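User: I would like to learn how to read an interface and a hairpin in a model. Can you take me through the features one by one?

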Amino acid sequence: MPAKKSPAPKSRTKVRELLFGDLWEYDPAPESAPAHIDARYGLFIGGKSVAPKSKNYFDSISPRDGKKLSEIPFAGKADVDAAFAAAKKAFPAWSKLPGKERGKYLFRIARLLQDRSREFAVAETLDGGKPIKESRDFDLPMAAAHFFYHAGWADKLAFVAPGRTLEPLGVVGQIIPWNFPLLMMAWKIAPALATGNTVVIKPAETTSITALKFASILQDAGLPPGVVNIVTGAGETGAAIVNHPGAAKIAFTGSTEVGKIIQRALAGSGKRLALELGGKAANIVFEDAPIDQAVEGIINGIFFNQGHVCCAGSRLLVQESVADAVIARLKRRMQVLRTGDPLDKNTDIGAINSAEQLAKIRELVASGVEEGAELHQPACKLPKTGFYFPPSLFTKVTQSHRVAREEIFGPVLSILTFRTPEEAVEKANNTPYGLSAGVWTDKGSLILKMASELKAGVVWANTYNKFDPSSPFGGYKQSGFGREGGKHGLLDYARLA
Amino acid sequence: MTRPALRRLLDEIGPVDATGIEERVAKYTTRSIKKQSKVFGLKLAVTMVDLTTLEGKDTPGKVASLCRKALCPHPGDDIPRVAAVCVYPSMVKHAARHVKGSGVRIASVATAFPSGQAPLKTRLAEVRQAVADGADEIDMVINRGAFLAGELGLVQDEIAAVVEACGESTLKVILETSELETYDHIRAASFLAMRVLRPGDFIKTSTGKTSGNATLGNNQVMLDAIRDHFLDTGTEIAMKPAGGIKSAKQALQFLVAVKETLGDAWLNNTRYRFGASSLLNDLLRQLETQRSGAYQAPYTFSDDSSGY
């Protein structure tokens, strides 16, 4: 009960801080739904699960505890040839099917995905390490939304461009990354099918399980054999897809380094290409911004999916006059982030996708410390097994630090300051990348000015990491070209007729 | 031209973005509170309840029954008492007969609750009478008319006058968030009040007499304001969401907000309260479910709820 009052003696010298202690600890709350992961998978070619001609398999490891989850087939050149042959065979009938009928398949896929969303969310978390609350509340609903959205377009292709209609390209080869395995698959497959193409797709080496599980949804939806073919493997498999003469288009999401290799390989081949590559997005906070909500947006921008996001707001540009206040609040907010077992429903930051990625993050963070930036990490207990990295931020970062220039792809924020809007634009654009940016201010006109001057495919205003199937997504400069989502995304999978 | 007082205050304390606040609080609702942490949270919530009856039809008999419920919410050794009973000023002396000295405090709404539309002299006299009759805590309403008219100085002076009239009693300042409407207004009103309050005094969301009540959103704006004020001045202001919190699940979500915004020092009933009545039986029901493993019928729990 409150003590009887007398005017409070105000302390002026003591440094005050809040205590985020263990008075009320949350008990472990592991998601218990089964993921139904097979001990061994086959390639999905011609509507059937088939053993790889290469006869090779590799282990899929869960980053959560480093344990083996399943055996994934390694598709060699002969397997990729078989997949392209199946896709080629399926193309005439699929592309001539009335749009309305193609739409029905897409609707069916979307609904089946919703029906099994919990199972897929658990599988995604086990395979990739992202927190269950993100796979449950973001990846799965968004994947279904992309199929629903494009199902609606399938019979309206005559209305995308006035007086013209869209015709499919043929067989498209698609290669997707490990950060949003199922969602990236939906981004790639849905527009390709809606416009009448057939597909050969390769998920990332470390995250093939949900793609191979997705094959059962395609079977349940009754999708004609060969319309979608899923081949798994490593770089060699990807190269076989890229260089396959049967591909009318290659769509790739991944690193800038590999994107450049693909672009070189395709030069002169006549194949279309869409690249969605890396980023080093600037999240720009002006002094008049609603600070607490900006802090929340910064946290969301960099720690979402452990920072394994190509559009992550990994460079914070904060106006000098509010830099100390923003940094103090960020540090306080980071104290209540929960890093740990991704299957726990209360986990905010899960496991790093692979040992390789963890090593890369550690190397870049070490370079930041060595180059003189100041590292801050909240005290947190990390699990003993598995791949984990604490949420981190660097202060005193300058434009020439490696942590300000290179994509870390981990939960590491680099903080820089600026004095004027012009300086903010200059610093934000001073990067080889140009995928996304964020602007935080209470002044609407400044948002519009910044949005027109920032060279980035997406500019978020007073929010961050917001996606919608109807909103095109893609980059400038070395972040790639081509758009996914919306009308722009449809046009990338068709030719105008 | 002089800037309006509210703009000047907002320039000083910073604005609130509605979308951002709502996104933040949505994360609280996904926290999964299980087993021991659930029991702890539920018991904590029981100790934070201001068990309330604020009806024209309140009688000494009704107040007696409310007090009995406050002292003994449910048979069993491990069910704590609630923090306080909250009644109209005319019922304070009746409540005093039952709970004085028991540890359960007597709170009384005053200052022409819920509208506050009475002369200041009358409102202050009401406060003094309630205190004289034995109220340990006074729940006042701010002058929303003056606030919306831009007379922030007047609003603050009136709060200061009530602080003085309270004497030794704790003061809770009701902002009536639904009538202030925007998060910017709620943040501004929180600071107006906190700057004249003593450590341990409260800011409170609502009277429970309008359509809009406590939400996670306005709770968060006020918790953020309390945190900023504490870090600036060292003064610990307490918080009371009131109205609309009917289920144990909601109460736990509000407590998660406290834990993750203000930390451990605010997780007790001198720093956080729930203005509610039907909430109590749902807390008891969930506690009983945790203990016995089965849901009990609602009639298992004695019913004294009305009001909010």
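**Reading the contact**

Analyst: Start with who takes part. In this predicted model, the contact draws 49 residues from chain B and 43 residues from chain A.

User: How much area do chain B and chain A bury between them?

Analyst: The size of an interface is often given as the accessible area lost when the parts come together. Here chain B and chain A bury about 4,200 Å² between them. Carbon and sulfur atoms carry 53% of it. On the chain B side, Arg31(B), Lys259(B) and Asp264(B) lose the most area to chain A, together 15% of what that side buries.

User: How many salt bridges are there between chain B and chain A?

Analyst: The count is six salt bridges. One joins the side chains of Glu296(A) and Lys27(B), at 2.8 Å, N to O.

User: Which helix of chain B gives the largest share of the side that touches chain A?

Analyst: Helix 11 of chain B, with seven residues. Helix 2 (18-28), helix 3 (35-47), helix 11 (216-233) and helix 12 (248-261) of chain B each supply at least two residues. By class, that side of chain B has 15 nonpolar, 16 polar and 18 charged residues.

User: Now the hairpin. In what sense do strand 3 and strand 4 of chain A pair?

Analyst: Antiparallel, over five bridges, with strand 3 at residues 57-61 and strand 4 at residues 68-73 of chain A. One bridge pairs Ile61(A) with Lys68(A). Six residues lie between the two strands of chain A. In the turn, Gly66(A) has a positive phi of about 75°.

Technical notes:
Residues are numbered from 1 along each chain as its sequence is written. Chains are lettered from A and ligands numbered from 1 in the order in which they are written. This is a predicted model: local features need pLDDT of at least 70, side-chain atom pairs count only at pLDDT 80 or more; totals for chains, interfaces and linings use all residues. Side-chain values use heavy atoms; hydrogens and water are left out. Contact means heavy atoms within 4.5 Å. Buried area is the accessible area (1.4 Å probe) that two parts lose on being put together, summed over both. A salt bridge is a side-chain nitrogen of Lys or Arg within 4 Å of a carboxyl oxygen of Asp or Glu. Helices (H or I, at least four residues) and strands (E, at least two) are DSSP runs, numbered from the N terminus. Ala, Val, Leu, Ile, Met, Phe, Trp, Tyr, Cys and Pro count as nonpolar, Asp, Glu, Lys and Arg as charged, and the others, Gly among them, as polar. Two strands pair if DSSP finds at least two bridges between them.
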